[in-house]
Amino acid sequence: MAGQKTTNKTYSNYSWRDKSIYQIYPRSFHARLNKDGNGDLLGIIEKLDYLQDLGIDVIYISPIYTSPMKDNGYDVENYLEINPMFGNMQIFKRLVDNIHKRNMLIMMDFIPNHTSNQHAWFRESRASKNNPKRNWYHWHGGKTEGKKPNNWINVFDNTTGSAWTYDKKTEEYYLHSFLKEQPDLNWDNPEVVKEMHSILMLWMDRKVDAFRIDVGLYIIKHPKYPDEPLNPDYIEGQGHPNEIYIHLASKDQPRGFKKLADLGNLVGKRGGFSMQEVYVSAEERAMLYRLSEHGLSAPLDFDLILDTNWNAKEVKKVIFDYYALLKNEDIIPLPLGNHDQKRVATRLGSQEDARLAAMLQMTLDAVPIIFQGEEIGMEDVIIPPNLQHDPFADNLRDPARTPMQWDDSKNAGFTDINAQPWLPVGPHYKKRNVKNQLKDPKSMLTLYKRLLHFRKEKLLPGRPIAVDVKNDNVLAFTRNGNEGLSFLILLNFSKTKETIANDLLPAKSGSLQLSTSLSNKEDETFNFKQFSLGPKEGYIFLL
Ligand code: GLC
């Protein structure tokens, strides 16, 4: 089974850099297929007009392959089929056609590191030590009788849960970096590589334009499976329990980078784009770019989600240091949140901060990725223990995964009023929903829409130029626009009004295009000498 034809359009590097991406977490987006309380593909089709109107170019959908859903689809039972919870192949094709008809593109999640333990390959692999699929996974005998092969731990367990599970049938252990229901594939086996490559190509034959590559760093392990050293900086109760060891062997192997790049190059050869989920340093990400043959595969940039304190000085440093490490043409996929992290409004602490972050995200030279609900300012929802789903310790991720809030009817328009949503709808849905915000000229949704359209219609790709305004609370930079225009972006991270030394700016005055509160006078010319920035307010000026 191999991808046969190359029927996809070819997109230039430039055109991918121009795009904006919207992440759909399908189980929570919109339900139309039935009343099972789960979102589905029909629900997505119905909302394509909304997304097009918002200014989205690429629809990225978290996994929709058949799956026992132990990890919401990141445990794949069959890479070739559609999960009946979400629809079927016919509906999928309709979805793709409807996306392409609107000149939008579709991105799928690809999960190379592990399958479900229900996948036919794993069932075969388990069957006997000499099964032809045995080496498709990592099987090992104990170090000594009754002792795990090494001290590796899995990512999800709160304590130090082993990454090895003993299987009575053949009296060996198999490796799982995540749940025990997600055995890791053996990417040192060329048969696995070949099969996974052909699956990717098959989805391209099915007209998929792009991929997000899940947990790319894990695919290659150290060939000798050595124990990992304890992390001397780990303090119990702080940080993630998984950080108790330094993961020198279970992930992040240089050979893994190459394997990841091969996936991206395969897709890039056909004009498709791919982005890799790799939580690594800026330097390591820069290395990954250099392995991309077509400039069409790129590591996700999680700098604004993790490890960066939300203040102008630090944000500026992180962003501009990163640009300095890269080539000008490198495409940076830049999310503010996703299904694994706190929602941006919750993380940064307020709706105003979330507005500021959106303006930053949309005015940088990057491909913005909007996680569903960010555009209406959705916040984390506390989930009572009896309604929790996420297998990750401490129920870290359910709060960001609650149903999309479409309107003020029961179940927020997510599903039928008589259905029971799989996770509860957030408490603020009556006010904070798409229907309300579409009517409100100052809503978060209006801001997102205006920013997305501004970015698309006015900005030219090209790195921003930082402006030093001698004020640590203000981040300032310029961007080039169409027709020789130049824009100045000013972002005030503080809770107080701020002024700037106007002689440091590239112009004396500017005409206001957009501000985060949407309450300032647009198109009016402001003299920067008399101008002060409102608390937590961002501005785009035409110079
Ligand atoms: C990725 C996904 C996450 C999943 C994990 C294991 O990090 O984003 O949701 O649980 O991979 O597949």
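These legends describe close-up views of a predicted model. Residues are numbered from 1 along each chain as its sequence is written, and side-chain values use heavy atoms, without hydrogens or water. In this predicted model, local features need pLDDT of at least 70 and side-chain atom pairs pLDDT 80 or more, while totals for chains, interfaces and linings use all residues.

**View 1. The shell around the ligand.** The ligand is surrounded by 14 residues. The closest are D71, D214, E277, H339 and D340. By class, the shell holds 4 nonpolar, 3 polar and 7 charged residues. (Ala, Val, Leu, Ile, Met, Phe, Trp, Tyr, Cys and Pro count as nonpolar; Asp, Glu, Lys and Arg as charged; the others, Gly among them, as polar.)

**View 2. Polar side-chain atoms at the ligand.** A polar side-chain atom of D340 lies 2.4 Å from a ligand oxygen atom. For D214, the distance from such an atom to a ligand oxygen is 2.9 Å. R397 also places a polar side-chain atom 2.9 Å from an oxygen of the ligand. (A polar contact is a pair of N or O atoms within 3.5 Å.) Taken alone, the ligand exposes 310 Å², and the protein buries 96% of that. (Areas come from the Shrake-Rupley method with a 1.4 Å probe.)

**View 3. The second largest pocket.** This pocket holds about 170 Å³ of space. (On a 1 Å grid over the protein atoms alone, a pocket is an open set of points with protein on both sides within 12 Å along at least five of seven lines; lining residues have an atom within 4 Å of a point.) Its lining includes Q351, R355, K431 and D440. Helices α11 (351-363) and α12 (434-439) each give two or more residues to this lining. (Helices are DSSP runs of H or I, at least four residues; strands are runs of E, at least two.)

**View 4. A tilted aromatic pair.** The whole structure has 34 aromatic pairs. In one, the ring centres of W164 and Y225 are 6.1 Å apart and the planes meet at 55°, so the pair is tilted. (Rings of Phe, Tyr and Trp, its six-membered ring, pair if their centres lie within 6.5 Å; planes under 30 degrees apart are stacked, over 60 edge-to-face, the rest tilted.) W164 sits in strand β7 (residues 164-167), and Y225 in the loop between β9 (210-213) and α7 (254-269).

Methods. A residue is near a molecule or strand if one of its heavy atoms lies within 4 Å of it. A polar contact is a pair of N or O atoms within 3.5 Å; within protein, one must be able to donate a hydrogen and the other to accept it, and residues adjacent in sequence count only if both atoms are side-chain atoms. On a 1 Å grid over the protein atoms alone, a cavity is a set of points where a 1.4 Å probe fits but cannot get out, and a pocket is an open set with protein on both sides within 12 Å along at least five of seven lines; lining residues have an atom within 4 Å of a point. Grid points are joined across faces, edges and corners, and a volume is the space filled by probe spheres set on the points.
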